[in-house]
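Please find below a colleague's note on the model, arranged as numbered points. Each point takes up one site or one aspect of the fold.

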Amino acid sequence: MLDYRTQAPELIRDFLVYHETIQGHSKRTVDEYYLDLRSFFRFIKRDKHLIADDIPFDDIPIDDVDLALAKDITLTDIYAYMNYLSRDRGLNNTSRARKVATIRSFYKYLTNKAKLLPVNPVQDLDAPRMKKALPKYLDLEESIDLLEAVDGKNSVRDYCILTLFLNCGLRISELVGLNKTDVRGDQLRVLGKGNKERILYLNDACQKALEDWLAERSTLTLVDQNALFVTLQNRRRISTAAVHKLVKKHLSAAGLDSSQYSSHKLRHTAATLMLQNGVDVRTLQEVLGHDHLNTTQIYTHVDNEDLRTAARSNPLGAVKKRKRNAKASET
């Protein structure tokens with residue numbers, strides 16, 4: 001079992017504790033930071049010949065990593081590490097970019113928070129260029145088809161889950177983590193990334209779906225009394241795997257390609273439909289719980305056709321340059 005508190009050297013452990021306790025990052029995120037830094041310093045120790053050549057990479061210890069070694073890192077070292085990840089490990093740009101983000105965060109902590117370094121040696125570090133893919137989403141008709149296809153013994157619960165996804169743009173982790181007490185009339189309390197709380201307002205469709213599900217839920221003998229959504233088999237909080245499965249099931253029932261869409265694509269759908277129907281991007285940022293506006297702006301692609309329509313609607317759109325008559329051109 002991974003336990004950075006006992007496996008990481010003090011320098012790295014303090015950084016991880018800072019992110020878990022002060023920044024409020026989840027244990028999973030912090031564990032990923034640890035794995036990223038462990039891999040990085042294993043490479044550094046081998047590349048700088050600080051370890052015997054015959055030790056397998058995954059067995060290289062990092063318990064002796066200290067400030068002196070961290071301070072000795074240069075951009076050349078990190079670019080060599082990126083090359084290793086690409087050529088030897090076969091990692092794509094997205095995976096390598098995440099590791100770059102971890103290294104940046106680590107050195108920013110050492111410089112700005114812990115004040116252990118006078119200058120950040122990686123402040124000019126460039127991340128691998130990533131091809132920006134437009135998010136896939138259902139259009140309005142497909143979304144309606146999906147909701148109308150919900151049937152079966154779990155239909156009330158599943159319909160409510162899909163309605164919240166499509167109207168509120170919840171992350172799957174946020175939906176699974178909902179408690180009954182988070183439903184407060186026309187408001188829904190959501191605990192997002194980094195344990196950041198936000199309040200969403202529920203439209204009529206969401207309120208009706210929740211009302212129907214809560215009525216059915218009240219007839220069940222539950223093991224987990226807090227969870228808003230439970231499985232009808234064991235009466236415990238529904239898992240992310242179960243939600244993924246039910247989403248795929250109903251997508252297929254609606255005649256939609258379940259291999260192309262997922263619960264996260266339903267979040268994209270909610271964002272897209274809101275933006276298409278007049279919600280401004282800053283409001284959408286609040287609804288989705290994004291820290292940065294540029295994360296939300298990936299959804300502005302949906303207005304391409306609206307922009308074309310606006311361009312065609314401009315009364316000057318049909319005006320063309322007139323030919324000047326010969327007499328006028330001579331003057």
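**Notes on the predicted model**

1. L50 lies in the loop that runs between α3 (27-47) and α4 (67-71); helices (H or I, at least four residues) and strands (E, at least two) are DSSP runs, numbered from the N terminus. With a relative accessible area of 49%, L50 is partly exposed, where buried means under 20%, exposed over 50% and partly exposed in between (1.4 Å probe, protein chains only). Neighbours within four places in sequence aside, L50 is in contact with K45 and L69, contact meaning heavy atoms within 4.5 Å.

2. On provenance, this is a predicted model in which local features need pLDDT of at least 70 and side-chain atom pairs count only at pLDDT 80 or more, whereas totals for chains, interfaces and linings use all residues. Residues are numbered from 1 along each chain as its sequence is written, and side-chain values use heavy atoms, with hydrogens and water left out.

3. The chain contains 16 helices and 3 strands. Of its 331 residues, 40% count as buried. Among contacts with a separation of 6 or more, 56% are between residues 24 or more positions apart.

4. K99 belongs to helix α6. Is this lysine, K99, buried or exposed? K99 counts as buried, at 12% relative accessibility. Its side chain forms a polar contact of 2.9 Å with the side chain of D36; such a contact is a pair of N or O atoms within 3.5 Å, and within protein one must be able to donate a hydrogen and the other to accept it, residues adjacent in sequence counting only if both atoms are side-chain atoms. Beyond four places in sequence, K99 touches D36, Y81, L85 and L91. The C-alpha atoms of K99 and Y33 are 8.1 Å apart, although 66 residues separate the two in sequence.

5. N120 is placed in the loop between α6 (93-113) and α7 (140-148), and counts as buried at 13% relative accessibility. A polar atom of the N120 side chain lies 2.9 Å from the backbone nitrogen of V122. Leaving aside neighbours within four places in sequence, N120 is in contact with Y107, K108 and T111.

6. The largest nonpolar core has 46 residues, and those with the most contacts inside it are L164, F165, L170, F229 and V243. A nonpolar core is a set of buried Ala, Val, Leu, Ile, Met, Phe, Trp, Tyr and Cys residues joined through side-chain atoms within 4.5 Å. The elements giving two or more residues to this core are α7, α8, α9 (172-176), β2 (187-191), α10 (204-217), α11, α12 (263-276) and α13 (281-288). The most comes from α8, with 7 residues. Apart from this core lies another, of 37 residues, including I12, I51, Y84 and L117.

7. The lining of the second largest pocket includes K153, R157, D158, Q233 and K249. A pocket, on a 1 Å grid over the protein atoms alone, is an open set of points where a 1.4 Å probe fits, with protein on both sides within 12 Å along at least five of seven lines; lining residues have an atom within 4 Å of a point. Both α8 (155-168) and α11 (240-253) supply at least two lining residues, and the largest share, 4 residues, comes from α11.
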